[in-house]
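Here's a quick walk through a few local features of this model. Have a look at the fold first, then read on.

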Amino acid sequence: MASGPPARVRLALDWTPNTNHTGFYVARHEGWYDEAGIDLEIVPYSGTTPEALVAGHQAECGISFQDSMTFAVAAGARITSVMAILQHAASEIAVLPDSGIQRPRDLDGKTYAGFGYPNEVPTLKFVIQHDGGRGEFKVVTLDSAAYEALYAKRADFTIVFTAWEGIEASLRQIDLRYFAFTDYGFPDFYQVVLACDQDWLARDPDAAKRFVGATVRGFQLAADRPDDAAAMLVEENPGVFDANPELPRASANVLAARDFYVDAGGQVGRQTLAQWQGYSGFLYDQGLLVDANGAPLASPPDYASLFTNDVLP
């Protein structure tokens, strides 16, 4: 038990609660934040990105992604990833099995239902071209309606988060065929990370270590006991999963079985320079990283400054 009054930590969510957030809810359910002297305040997603809230000192930490965090830091945000929540890419290209699309090069000339992020088209072009295609396709930006457009055959392919929307489709008995980016030479990346305010990390490193330490315990339990972790996620969020009560448990089991929560050594949270440099370097090479004025970066960012393992237990 930490001495003195508890330290308030505001955690900004990126969406409604889901299994990317399980470890936080497990740690809260088990009393590990209380034990560590942390007063956790979960800030629901309200349309403002977690990166903006953390950079604006409206939250100490937030749920982020390797690409989103790299974009934010390039534009001047003073934020750092303190742990990898999902160690690998969990998003994949999805098509319907009866579409005749057997591999990425078959996507040439087809219609992509997208989400409007700047890295989508370059990523898809890379995968298609590395499978021998031209990387030429039509794009319609539909955001969260992209999935239904694919299922209704109004689009030919989209990018699906396999451990959530992919499972949701399976529970609806919608079969999908997937193409993993990394099967075609694309660099692996941290699908989800915990980004924190650099000023807060410098001002209160002890509280940061206690917060991250309790969080790591939560995600370790999610890796080891996915059914129990999913039950805690549901219990901590009454009513959120009523429409699809099977989804959290099914997702939790996929994330645990496929070692998304742990690295090759079985550790939660650890990050490597190679993985940050690989994918964030791709974003730079594609000219996607811009400064606060919207001008492309003239030189690569300091990839080592994007993350730290120093806050991990």
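This is a predicted model: local features need pLDDT of at least 70, side-chain atom pairs count only at pLDDT 80 or more; totals for chains, interfaces and linings use all residues.

Residues are numbered from 1 along each chain as its sequence is written, and side-chain values use heavy atoms, with hydrogens and water left out.

Let's start with the sheet. Three strands make an open, antiparallel sheet in the order β8-β5-β9 (strands are DSSP runs of E, at least two residues; two strands pair if DSSP finds at least two bridges between them). β8 and β9 sit at the edges with a single partner strand each, so one side of each has no neighbour in the sheet. From one strand to the next, the twist averages 50 degrees. β5 and β9 pair over 3 bridges, and Val-95 stands opposite Arg-177 in β9.

| Strand | Residues |
|---|---|
| β5 | 91-95 |
| β8 | 158-161 |
| β9 | 177-179 |

On to the helices. The axes of α1 (residues 22-29) and α10 (residues 226-236) come within 8 Å and cross at roughly 80 degrees. That makes α1 and α10 roughly perpendicular (65 to 115 degrees).

Last, the loop between β5 and β6 holds Asp-108. Asp-108 counts as buried because its relative accessibility is 13% (buried means under 20%, with a 1.4 Å probe and protein chains only). Its side chain reaches the backbone nitrogen of Gly-135 at 2.8 Å.

Methods:
Helices (H or I, at least four residues) and strands (E, at least two) are DSSP runs, numbered from the N terminus. Axes are lines fitted to C-alpha atoms, for helices over the stretch in contact, and angles run from 0 to 180 degrees between N-to-C directions. Angles under 35 degrees count as roughly parallel, over 145 as roughly antiparallel, 65 to 115 as roughly perpendicular and the rest as oblique. Buried means under 20% relative accessible area, exposed over 50%, partly exposed in between (1.4 Å probe, protein chains only). A polar contact is a pair of N or O atoms within 3.5 Å; within protein, one must be able to donate a hydrogen and the other to accept it, and residues adjacent in sequence count only if both atoms are side-chain atoms.
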